[in-house]
Amino acid sequence: MNIGARIIKTGLSVTLALIIANLLHMQPAVLSAVAAVIAIQPSIMRSWKYVKEVTVTNIVGALFATLGFYLFGTQPVFIGIIVILTIAVNLKLGLNKSVNLSVLTVIAILTSNLHDSTLSTVVNRFSLVAIGVISSFLINILVLPPKHDQRFYDSIRKLNEKLNTLLRLAPEKEISISTFKQEKNSLDKLYNKTRDLFDLLNEEKRRMWVKDRQLFVRRIVIFRQALKVVQKEISLFEKIEKHLNKMVDISNKETQEVKDTVNELLQYQETIFLIYEGKIVPKAITNKDSKAKRKRIVSKMKCTVNELMNHYDPANEELWWRLFPIVNALIETENELEKLEVLVVNYKLRRVLKKERIKSTLKNAIEKIEK
């Protein structure tokens with residue numbers, strides 16, 4: 001049984017909503033519990049946006065319910081019509097995400113005994129829904145706040161491991177069509193999941209309570225570039241599988257060149273990730289070793305491109321259309337990896353420099369105290 005943070009927070013949100021509703025003697029408290037379940041969001045920023053959106057949709061729902069009661073009554077058919085109108089207005093206003101809570105408000109009001117006191121009933125139902133939404137928002141902030149940066153990094157590492165395997169297998173010309181489709185579908189699902197996690201993380205940079213905003217934004221820039229690298233690698237895999245394997249007259253030497261270049265690029269990428277993880281000491285891009293490593297990769301790239309271009313026959317137009325996408329994909333992947341390396345190295349060097357400054361400040365402060 002896998003009980004994640006979101007499941008725990010949903011349960012806590014329901015508990016808090018019921019406690020608040022009971023303390024305020026507001027009934028039926030179950031409405032606040034239902035609202036809390038609906039309102040739980042995967043990120044703090046989405047929770048805050050949801051609170052603002054729900055405020056508007058709740059008002060729309062309360063107004064439509066009140067007008068519907070006086071104009072039509074509380075017969076089931078009229079409640080259905082009012083629900084339709086409420087949904088239509090919310091969608092027109094662009095309040096798609098919280099339309100279900102607006103409908104909940106309408107149903108909660110129109111299925112209660114409005115004849116006793118219309119205004120107090122509307123306020124009561126409106127408040128119960130608000131309690132549920134606010135409870136979810138508070139729990140999302142205070143309990144197990146989402147760590148989307150770590151989740152994203154874990155996801156993109158998993159995605160790269162899968163890509164590494166497929167890129168090494170692709171030039172072998174041994175992947176069947178059914179296996180390719182299956183692996184491509186699996187790859188696309190994992191990529192979409194990683195992309196969704198990045199979108200959540202990117203939204204979080206606008207929240208007010210980020211611990212170190214500058215550092216946080218730098219990580220987002222690195223992650224965005226890491227996604228670009230993945231996109232290029234997926235494209236490279238598709239092009240190798242589509243074009244290289246159709247070039248039946250290509251020599252083993254040229255195929256081996258492609259394999260070697262792909263391996264070189266994958267090793268380059270792994271080195272960048274290890275630098276980010278702190279397992280390799282970052283060195284400035286101007287460093288002699290870094291320049292030599294880049295020169296080796298570029299040299300290998302040129303050698304592979306030249307081998308492929310030597311295979312080009314002006315009289316064979318189809319061969320050219322198959323050759324060019326592979327060459328282009330290799331070059332684009334290498335370019336994006338270079339950009340990622342610059343971002344990661346600069347990020348790690350800044351962090352090292354910051355730690356040294358903190359140590360120096362503490363050391364100076366201790367020396368002053370001792371004097």
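Modeller: The turns below set each value against its definition.

Modeller: This is a predicted model, in which local features need pLDDT of at least 70, side-chain atom pairs count only at pLDDT 80 or more, and totals for chains, interfaces and linings use all residues. Residues are numbered from 1 along each chain as its sequence is written, and side-chain values use heavy atoms, with hydrogens and water left out.

Biologist: How do you know how many helices and strands there are in the protein?

Modeller: Helices (H or I, at least four residues) and strands (E, at least two) are DSSP runs, numbered from the N terminus. By that rule the protein has twelve helices and zero strands.

Biologist: Why is Ile240 called buried, while His25 is called exposed?

Modeller: Buried means under 20% relative accessible area, exposed means over 50%, and partly exposed lies in between (1.4 Å probe, protein chains only). Ile240 has 0% relative accessibility, so Ile240 counts as buried. His25 has 70% relative accessibility and therefore counts as exposed. Ile240 lies in helix α9 (residues 213-243), whereas His25 is found in the loop between α1 and α2. Of the 371 residues of the protein, 44% count as buried.

Biologist: What makes the backbone of His25 worth a remark, and which peptide bond is cis?

Modeller: Most residues other than glycine have a negative phi, and most peptide bonds are trans. His25 is not a glycine, yet has a positive phi of about 55 degrees. The peptide bond from Gln27 to Pro28 is cis, with omega near 0 degrees. Pro28 is found in the loop between α1 (5-23) and α2 (30-39).

Biologist: Why is the pair of Asp188 and Lys184 called a salt bridge?

Modeller: A salt bridge is a side-chain nitrogen of Lys or Arg within 4 Å of a carboxyl oxygen of Asp or Glu. The closest N and O atoms of Asp188 and Lys184 are 2.8 Å apart, and the two residues form a salt bridge. Both lie in helix α8 (residues 177-204), four residues apart, about one turn of the helix. Lys184, at 14% relative accessibility, counts as buried, and Asp188, at 26%, counts as partly exposed.

Biologist: Which salt bridge does Glu238 form, and what does the pair tie together?

Modeller: Glu238 forms a salt bridge with Lys184, again with the closest N and O atoms 2.8 Å apart. Glu238 lies in helix α9 and Lys184 in helix α8, so this pair ties together parts that are 54 residues apart in sequence. Glu238 is partly exposed, at 28% relative accessibility.

Biologist: How do you know that Lys339 and Glu336 form a salt bridge?

Modeller: Their closest N and O atoms are 3.7 Å apart, and the pair counts as a salt bridge. Both lie in helix α12 (residues 317-370), three residues apart, about one turn of the helix. Glu336 has a relative accessible area of 11% and is therefore buried, while Lys339, with 45%, is partly exposed. A search of the whole structure finds nine salt bridges. Arg157, Glu270, Glu277 and Lys279 are linked in a network of such bridges.

Biologist: What makes a set of residues a nonpolar core, and which residues have the most contacts inside the largest one?

Modeller: A nonpolar core is a set of buried Ala, Val, Leu, Ile, Met, Phe, Trp, Tyr and Cys residues joined through side-chain atoms within 4.5 Å. The largest has 46 residues, and those with the most contacts inside it are Ile156, Phe223 and Val262. Helices α7, α8, α9, α10 (252-276) and α12 each supply at least two residues of this core. Its largest share, 13 residues, comes from α9. A second, separate core of 19 residues includes Ala21, Val54, Ala108 and Phe137.

Biologist: Which residues is Phe223 in contact with, leaving aside its neighbours within four places in sequence?

Modeller: Contact means heavy atoms within 4.5 Å. With those neighbours left aside, the partners of Phe223 are Asp149, Phe152, Tyr153, Phe198, Leu201 and Tyr276. In the protein, residues 24 or more positions apart account for 81% of the contacts with a separation of 6 or more.
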